[in-house]
Amino acid sequence: MAVLIATNPQAQHRSAVRSVTTSLLLALTALWCAYWFLHSRGYWEDDAYIHLEFARSFATGHGFAFNGVVVAGDTAPLWVLLLAATHTLIPNWLAAGKLLTALGALFGLSGTYAFARRLASSLLSASDAQVFSAAVVLLVAVNPYTCYWIFSGMEPIAAAGLACWAVLAATRASPSAQSFLVACLLTGLGPLLRPEMLLLAALLLLPLLHQWRRIPTAPGAKAALFVAGLLLLAGPLLLWSLYSLHAFGHLLPNTNAAKRAGAGQSILLRLLQVYALGLPVFVVALLAGVYGVLRLGSLRLGIWRSACSAFRDYSRPQLDSPLEDAPDFVSSQDDIVSSRQRVSVFPLAGWLFLAWAAITIFFYIANHTYVQSRYVLLTAPGLMAIVLALILFVWPRAGRGLFGCALIWSVAMSIGVVRPFLRNKEINCQTSRDMALFIRDRIPANAPVAVYSIGEIAFVSQHPIVDIGGITRPGAVPYLNAPPGDLLRWARSQGAQYDIADKPPEAGATSVFTIDAPFVGWTLHASRYSTAASVSLWKLPPSTQAATQASNPTSPRP
């Protein structure tokens, strides 16, 4: 092939065009990310302030504590440790956090690129794989959920990259001792960055075991390699579990219950809404795939045979492709190839990622988790790469059109929705900081404040708070779906003398500080981002029941 390209001017021209296209796509991605980094420089998600509070407590020798209390209120302990490590280099916590988000973005997008390259090298021509990978990275970068979360201080982009790198390392065609140990380490660290990655780690056990068996080494060295791999695989989660039992008295974080949806909410409907808003390409592809599986018997047979073949032996060369001589962006000379032939080259890495995404969705439904956009973003980059690769492979012209539509939709959503959304978030961060400074300077230290969004208020004020969201105080969880009066009585029983709310929490409450908070939330009605509402710090009236236990909730959370 190299000789043919060297002696064929047309092939040389196509190769040069692909190289320029790849460089242009990656340059556009870098410029796009730089713009959003600057646009969101004053924005820090409230949940990310929770990470910062835990990181500051850990860095000062107080363990995983929030607001002075050691508590299981963080689902990403690895991110907390990374924040603390970055802070050793940069004294300012927010600057250190922004640097970590930039490094996490680089790690996440590079993992997406490598994962897309593995898929494309199996499904597309070798020369087209590089262009496809750059196109996928651009599509992931311009996605509205990415634009919102990438520099928010949260971990989803870095976690998505870690998932891609772990799957690639665990399905390496020619493993070595070093690559095997790296794969074990990446897989073992995953659950400490996002709990859903424990499910991925379980899926990667068999491929890792298969890799270990194939590494040519002496029996004694092989046994030592197995022990080392096992320590890297299980050690991080085991150490954290032991610490959790010692410090918290239990394994599961409080957020497992605090982040559940209400009894009347449909998680399936919620998932469809979240995917349709930010990932319409996935929804369209899902519907097309379901239709194809139901209507085409040859496709079902091809998928079954491909899955069996991939799990039986994933050591075949990844750079060989039946479309190697395809002259277009990602197409062969004709668009009609049998479904059985086309699906037969789908790699094991893709099957494992699809299985993990499906299991994660089933877990959300079974656990009745109120799915947020950042949860979806964990698997979105890999899913976008898989969906686009398969569609381009089976229907090249339709795939290119779908890529263009997804790109246009994502850019429009990011500019029209996420841009004003983040602008308002930045304003809210400043106004919340003003309130936190007022609390720090003007509210007595023995007068706890009840608040739902606990992150920035606690981090900036360092004032005692009562978490009515249940993340650091699980006692609030049964009252989250109860009448507001029950939750307030519970907060009073925990010592709350002030409350942060948009309206008086009870008769006799007095406003002592008020801010104007612009609208924040996902909406297609851009005019709502020009509206604002008042949020006040209310001094609660004296109550003879303040020290008593709250009554039982009338509508307990399931």
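Guide: With 17% relative accessibility, lysine 222 falls on the buried side. This is a predicted model, where local features need pLDDT of at least 70 and side-chain atom pairs count only at pLDDT 80 or more, while totals for chains, interfaces and linings use all residues. Residues are numbered from 1 along each chain as its sequence is written, and side-chain values use heavy atoms, with hydrogens and water left out.

Lysine 222 belongs to helix α12, residues 219–247. Helices here are DSSP runs of H or I with at least four residues, strands are E runs of at least two, and both are numbered from the N terminus. Setting aside residues up to four places away in sequence, lysine 222 touches Trp212, Arg213, Arg214, Ile215 and Thr217; contact means heavy atoms within 4.5 Å.

Now try threonine 112, in helix α5, residues 93–123. Threonine 112 is buried too, at 2% relative accessibility.

For a whole helix under cover, look at α8 (residues 156–170), where 14 of the 15 residues are buried. From first C-alpha to last, α8 reaches 21 Å, close to the 21 Å expected; that expected span is 1.5 Å times one less than the number of residues.

For contrast, glutamine 462 is exposed, at 57% relative accessible area. You'll find glutamine 462 in the loop between α21 (455–461) and β4, with a phi near 55°, which is positive in a residue other than glycine.

β4 takes us to an open sheet of five strands, ordered β4-β3-β5-β7-β6 with mixed pairing. Strands pair if DSSP finds at least two bridges between them. β4 (465–467) and β6 (510–518) are the edge strands with a single partner strand each, so one side of each has no neighbour in the sheet. From one strand to the next, the twist averages 20°. Inside the sheet, β3 (residues 449–451) and β5 (residues 498–501) pair in the parallel sense over two bridges, and alanine 450 has aspartate 499 in β5 as its bridge partner.

Helix α20 (residues 396–442) lies across β3, β5, β6 and β7 (532–539), at about 160° to β6. Axes are lines fitted to C-alpha atoms, for helices over the stretch in contact, with angles from 0 to 180 degrees between N-to-C directions. α20 also crosses α19 (residues 373–394) at roughly 145°, their axes coming within 5 Å. Leu388, Ile391, Leu392, Phe393 and Val394 in α19 meet Pro396, Ala398, Gly399, Arg400, Leu402 and Phe403 in α20.

Definitions and conventions:
Buried < 20%, exposed > 50% of the residue type's maximum accessible area, 1.4 Å probe, protein only.
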